[in-house]
Every structure is written in C-alpha cells, then in structure tokens.
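Student: I have a structure open and would like to go through it with you. Could we take it one topic at a time?

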Amino acid sequence: MPSLPPIRPEDVATAEKIRPDGAFDAPSDAHDPVRAGYLLRLGDDSLILGQRLSEWCGHAPSVEVDLSLANMALDLIGQATLLLGEAGDADSLAFKRDVLDFRNCWLVEQPNGDFARTMVRQLLFSTWQHMLYQRLTGSRDEALAGIAAKAVKEVAYHRELAAEWVIRLGDGTEESRERTLDGLGWCWRFVPELFEVDDEVEQAVAAGIAADPREFEAEYRAEIARVLGEAGLPVPNDQRPILGGRRGHHSEHLGHLLAIMQYLPRTYPDAKW
Amino acid sequence: MYTTELSKQPNVQSIEDPERLAAFEARVAADEFIEPKDWMPEAYRRTLTRQISQHAHSEIVGMLPEGNWITRAPSLRRKAILLAKVQDEAGHGLYLYCAAETLGTSREEMIEALHSGKAKYSTIFNYPTLTWADIPAIGWLVDGAAIMNQVPLQRTSYGPYARAMVRVCKEESFHQRQGYEAMTSLANGTPEQKRMAQDAFNRWWWPSLMMFGPPDENSPNTAQSLRWRIKRETNDELRQKFVDITVPQAEYLGLTVPDPDLKWNEAKGGYDFGAIDWDEFYAVVRGEGPVARERMTARREAWESNAWVREAAAAHEAKRRQRAAA
Ligand SMILES: [Fe+2]
Ligand SMILES: [Fe+2]
Ligand SMILES: [Fe+2]
C-alpha cells in the first residue's frame, strides 16, 4: 500500500464542521469491546457518584462542606466525561442509556442519606478508586493511563477528605458516631463488588488495559481498618456479597437517578444544549 | 452587590468624636482604603456589615435556584459548568462572610440573622427556576446585573470588601459569559428551546432591573453611601447602564424584551424603558416572593438538620487537643 500524506489539522477541522449532527462518533478503538466495556465501568462509577454528590449542592452542613462536595462532584463529572468520551460519545452514553446498560457498582448509586453515610460511601469508594487509578497510570492503554494520571491526584484528595470526616464523625459526639455506624452498615454490603473480577475484567487485565483489583484488596482492607480504627469504629462483619452492577443489574435507586439526570435530553431528543 | 437598600438612614452626626470623623472622611475622600484596625464611625461599620453580609447571604441563597438544575443539566459540559459556577458562588459567600467578620460580627450571628428573617438577601433569588432556560437567563442577566453592581465596588472604601470584590468580579464574568453562551444555544435551537428561552427572559427581565434597588429618589442611603465610597454609582445610573448593554444582546439572540415602552432615546444616548413595578419589589423584599418560603426553609433545614455534623467536628477537635496536651 502506498504511503499516504499525513492528515492536515485544517482538514480534520473541516470534516468536523460538516459532520451531520448525531453522526456516528467512532470510538478510538471501536473494534475493542473489552476496552470500551472497561472504560464504561470506570466512567459510570464517576458519573453516578458525581451526580449523587451534586444533590448536596446548597444543602450541606456548612459553606466549606458545600464547596468540597461540589468540588468532588466536579472532579468526578470531569473524569466521567473523559472516560465515556473514550468509550464512545460521552453525552449519548450518559443521557441515552437505561439501567441495564449502566456498568457502575452498587456503592456509588446509593442515596446520599445523611452526611455520615455520604462520607462513608466516599471513603469506601475513593480509597478503592485511588488504589486502582495508581495502577491504571501504568495501563498499556495510553488514553486511559493519561486520564488516570490526572484523576489520581483528584482522587487522593477525595480519599483524604472522606477519611478525615469519617474520623471526625466517628470520634465526635454519640450521635455522629451512631450515624457513622449506620452509614457503614448501609454501605459495607457493597464493598465486595469493588473487588469482583469477572470475565470482562479478566480479559481487560490480560490485555494490559485494566488493573486486577484483587492485587490491592488486602491493602484496601488494611487502610479502611486503619481509618475506622482512628475513628474508634469497629470494622463491620462481612456478609454475602451483593453483585450485579457491572452487568447492569442495579439497586432500585439507579432508575430514579437516571430519570432525573436524563430527563431533558430524553424529552427533547433533537435539541442541542 | 445584592443589597435590597432597605435600611434605615445611618445617623452619622450622633456620638462620634468630630475630629476623628473629619479625619476619616478625609481619608475616604482621598480614596484611601479603610482597614479593620482603623477607626471608623459606628454608622459606617453598621452599614457595611449590613451590606456585606447581605451580599454574602445572597451568594449562599443564590446557590439554591441554580442548584435546582445541576442534577438535570442537559449535557456533561453544562453540568460541569453549572457545578463550577455554583461552587464559585459558595466561595464568594465565604470570602464575603470573612470580610464582614473583620467588622466584628461573627458568621454564626450573621447566619442567625438570615434564618430569623432579620437579614435580607437579594430579592432575585425568591423567584423559581422553572425550566432549564432559567439557568442561562440567570447567568446572563442576574450575574450580569451583579457584575454591573460589583465592578465599582472593587474601589469601595473598605479594604477587605474591595479585595473580596476583586476576586469575585473575576469569576462573575465567567458566570455571565457561560449564561449568554448557553442562552445562544437555546435561542438558535428547536422551537421548544426558543419558547423556553423567551419565557425565561420574560420572567427574569424585570426582577433583574429591580436588582439595582429602588429609584434614586427613594434610596435614602445613597448620598451617604456615595460619600463614604461604599457605593460608587447610584441605583438608577447602574440600571440604565445595564439596560443599554443588555437590550442589544437580547436583540442579537432574537429575544423580545418584555417591555412595550422600551425605546432608544437618541438625545440621552440610552434606552427609555417602562415603569418598574415597585410594589412587587417591596413585596418581595418583605419576603412575599413566590418561593421565599422555600428558600428560607431550605437554608434553615440545611443548617439545623446538619447541626450534629458541626457539633461532631467541634467535639472531635476538642478531644484531639486534649489528647495532644496529655
Ligand atoms: Fe455577587
Ligand atoms: Fe457570586
Ligand atoms: Fe455569579
């Protein structure tokens, strides 16, 4: 095959301009469903948790907390935009899929509850996400490695902030301790799903795209135990894992979250915003 | 600035030492900044505390109408922009509370005054955000009016307030631009989007003009505030500027200004516009705005139902100190 001249940036710009609305946005690795599937899991985790956190806006315990919750939500929505953008058209993926096609874990879709539950959920998720993203910075997939490198700094901060709050609340008043225990009881059921490795993850790991979460499960459990210890809270007993989010089988809560989040693009399918 | 200008006339000549007062007035007239440790007349302190805390409250209450749409923003980009904007507003509230605290009132006292209804906040936030188009309309009109009010305040006489305004103004211009840009998408969009845009414009236009406060002839503090450089332009001057800048922007979008009396006046080089319904304004100031009750309930609930979080943080801090001392 004869070699072709390089594509000039101005040609790309022109092509972009004349592309009809809604034309197929070819994912960078359209042929790679393993990659796309893995990106969806990561992107959906960030999107759904960002959506949940943004529900707090204007209703937090103090202006400072409002700021930090909004800041985390913004980081997560940013991550989702990049990750879903690698898996396909980010907005269509966010706004046009129904529950069965969402790949996030159960933990992130849990309702905020009170501030204690929100912070426990954040601790359990961000600690996991941080350990995962540290490894993903070495992904063979350059785009993913780049996203992880940017996100890992944000997530380190989320993890720290959540740990500080769990410690404050656990070691605060009798009421805050009770509430934190409740939050822990609510969220603990969903921890095993974070470490579930199914065929899809196995293939993504084999391809060098994904990290195997089992590698850092012990480290994760030790870290959570350390934070809970500092908070003066017991590590809850494990129970039968609740799984299914990665295959589209979610809690009842996700459908309501999507109904709110997706209402405009679904009501006005031809509109551009 | 989001003040309602409904304050009692400060009584300057009362108890102050005339020499100190004269020196103070001379410094202000020379455009020097007054700093927290400097002597200032009580009335100056009171007027400023009221104005800055009112502004802070407005930033915080103002998070609610926009927060109402974060979870329903129609694209990831719009969601991120709106989150960033509302986060900025929380930051503005924070700098302003800090600036007001330098005058000797604690944040708790100010929040208490807001929740008891003693302190006011901008009337504009007592209107509902009904459709998505209200978000662009707020950015474009409400933040636009706020900028018009705040830019001169970067040169206000009280140092901490002026410096807070410098930071605030930088972010406000992003707020207005994102609003106008989002409005452009609607105005060039589907018939449903155009309808939303026009409807939002109709609802926000007059309340935005009211944001500049009562007409000069009914604004008892204006003269004193101008003299003290707490204000740098009158309500009517700022309002006229806003109309003159905004009308062509609306025309560019193909939106109709909901004012049959609006007319270009060649002689004055500005627009003449219809009479503002001041009864409506004063009713909203009194707390009779359509969603005033919702706004205050939301603020009180956020504060009260989360009191345990603040108590826990304080209790933990005390324990930590005790352990460190032991
Ligand atoms: Fe403001
Ligand atoms: Fe602001
Ligand atoms: Fe603003």
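Student: At what angle do the axes of helix 6 and helix 7 of chain B cross?

Tutor: First, some conventions: this is a predicted model, in which local features need pLDDT of at least 70, side-chain atom pairs count only at pLDDT 80 or more, and totals for chains, interfaces and linings use all residues. Residues are numbered from 1 along each chain as its sequence is written, chains are lettered from A and ligands numbered from 1 in the order in which they are written, and side-chain values use heavy atoms, with hydrogens and water left out. The axes of helix 6 (residues 134–150) and helix 7 (residues 159–187) of chain B cross at roughly 150 degrees and come within 7 Å. Helix 6 of chain B is therefore roughly antiparallel to helix 7 of chain B (angles under 35 degrees count as roughly parallel, over 145 as roughly antiparallel, 65 to 115 as roughly perpendicular and the rest as oblique). Axes are lines fitted to C-alpha atoms, for helices over the stretch in contact, with angles from 0 to 180 degrees between N-to-C directions; helices are DSSP runs (H or I, at least four residues), numbered from the N terminus.

Student: Which residue classes make up the contact of helix 6 with helix 7 of chain B?

Tutor: The contact residues comprise 11 nonpolar, 8 polar and 2 charged (Ala, Val, Leu, Ile, Met, Phe, Trp, Tyr, Cys and Pro count as nonpolar, Asp, Glu, Lys and Arg as charged, and the others, Gly among them, as polar).

Student: Turning to the metal, which protein donors does the iron ion (ligand 1) have?

Tutor: They are His55(B) (NE2), Glu59(B) (OE) and Gln150(B) (NE2), at 2.1 to 2.7 Å from the ion. Donors are N, O and S atoms within 2.8 Å of the metal (3.2 Å for Na, K and Ca), and sites may look incomplete because water is not among the atoms. Along the chain, the donors of ligand 1 have the spacing H-x3-E-x90-Q.

Student: How far apart are the iron ions, ligand 1 and ligand 2?

Tutor: They are 3.5 Å apart, and Glu59(B) coordinates both.

Student: Why are His55(B) and Glu59(B) separated by about one helical turn?

Tutor: Because they are 4 residues apart in helix 2 (residues 42–61) of chain B.

How values were computed
Helices (H or I, at least four residues) and strands (E, at least two) are DSSP runs, numbered from the N terminus.
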